[in-house]
Amino acid sequence: MTKKICVLPGDGIGPEITAQAVRVLAALKLDFELETALLGGAAVDAAGDPYPEATRKLAEEADAVLLGAVGGPKWDTLPREQRPEKGLLGIREHLNLFANLRPAVLYPELANASTLKPEVVSGLDILIVRELTGDIYFGQPRGIEQRNGERFGFNTMRYTESEIRRIGRVAFAAAGKRNKKLCSVDKMNVLETTQLWRDVMNELAPEYPDVTLSHMLVDNAAMQLVRAPRQFDVLVTGNMFGDILSDEASMLTGSIGMLPSASLDINNKGLYEPSHGSAPDIAGRNAANPLATILSVAMLLRYTFNLEAEAQAVENAVKKVLAEGCRTGDIFEPGMKKVGTKEMGDAVLAVL
Ligand code: NAD
């Protein structure tokens, strides 16, 4: 049956990078039907709403969503409800995307882009699985109140065991598709919520006998990520720890234009997008790196459609163009061949 993909180019460099990703999807000649809609600032301009009804409908009907990026200075002074970012939060909430998958891969050819020594990061290939809809970011009660004559701020860290089990299953399954090592990150020595987190992960482990589960306290995990990051395969953690660790891990690679991401619901329907923003400073100049968005297509093929061979073909094409010396401005080094957004797309298509 034809599968539906909703394409949301968004703002800034979004339309340029998604155009290249769409060319890659088309080149694979799969039975996909693509439909484009508005999100973010572009949707505010056209419909007065960052997540308009027509986009909602299309996103709901689609099997997967491919997104560029949203936002830009033009919309920064609008009331909060009409800002582009509201569209992004809106679609994540609407589609119940509770599992965020962020790989941090350092291609050997880009080892000099990292701030860490090449021998520490070369060949790095980590996947961070972050719970996205629970934890202290959403827990009630929360607020700032007057108590005993002074201001008092409070938040609530909370997880139900079913929420932990749900994200745990995504992480065990992802590890099963990779090097079969899962490290669960918590702070069980201080926080009861994360003691429950560890207990539930241990209870799940027998269901995945081919995956080796280990545990690490979050402070140690933050340290190990810069000390010896290649010890990790898949990391799974809660919303707040995942927020911080996934940014730390992505920066090990030094090149924001290379990092894809996926956010999944319980049925593996997903929203796929690059980890970077809309880069208004280089928008419309054919200067953006489209590889993070092209690699998001690889994740879409792998996680929503279970097309592992096609996913690897896209990833191998990216590796090959890097090995051939093609570089957009963000990853350029002297001696390499400088290309624009479209030419980088051409190079990937030529290999595919
Ligand atoms: P940004 O990621 O857009 O840009 C940071 C820097 O990285 C800029 O110098 C930019 O030119 C560069 N960069 C980013 N992606 C690149 C690419 N593919 N190729 C080459 N260079 C690239 O972050 P920012 O400047 O903080 O934010 C700009 C806008 O994007 C803001 O409106 C922000 O709200 C929005 N934003 C959106 C998302 C999203 O849509 N998921 C995420 C982050 C920021």
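A backbone N or O atom of Ser278 lies 3.1 Å from an oxygen atom of the ligand, a polar contact in the sense of a pair of N or O atoms within 3.5 Å. Within protein, such a pair also needs one atom able to donate a hydrogen and another able to accept it, and residues adjacent in sequence count only if both atoms are side-chain atoms. The model is predicted: local features require pLDDT of at least 70, side-chain atom pairs count only at pLDDT 80 or more, and totals for chains, interfaces and linings use all residues. Residues are numbered from 1 along each chain as its sequence is written, and side-chain values use heavy atoms, with hydrogens and water left out.

His276 contributes through its side chain, where an N or O atom is 3.1 Å from a ligand nitrogen. The protein covers 67% of the 810 Å² of accessible area that the ligand has on its own (Shrake-Rupley method, 1.4 Å probe). The ligand is surrounded by 20 residues, each with a heavy atom within 4 Å. The closest are Glu85, Gly277, Ala279, Asp281 and Asn289. This shell divides into nine nonpolar, seven polar and four charged residues. Asp, Glu, Lys and Arg count as charged; Ala, Val, Leu, Ile, Met, Phe, Trp, Tyr, Cys and Pro as nonpolar; the others, Gly among them, as polar.

Helices α11 (residues 308–323) and α12 (residues 341–351) pack at about 115 degrees, with axes 9 Å apart. Helices are DSSP runs of H or I with at least four residues, strands are runs of E with at least two, and both are numbered from the N terminus. Axes are lines fitted to C-alpha atoms, for helices over the stretch in contact, and angles run from 0 to 180 degrees between N-to-C directions. Ala317, Lys320 and Val321 of α11 meet Met344, Ala347, Val348 and Val351 of α12 (heavy atoms within 4.5 Å). Six of the contact residues are nonpolar, none is polar and one is charged.

Two backbone features stand in loops. The peptide bond from Gln140 to Pro141 is cis, with omega near 0 degrees. Pro141 sits between β5 (125–131) and β6 (143–147). Lys180, not a glycine, has a positive phi of about 65 degrees. Its loop joins α6 (161–176) and β8 (181–186).
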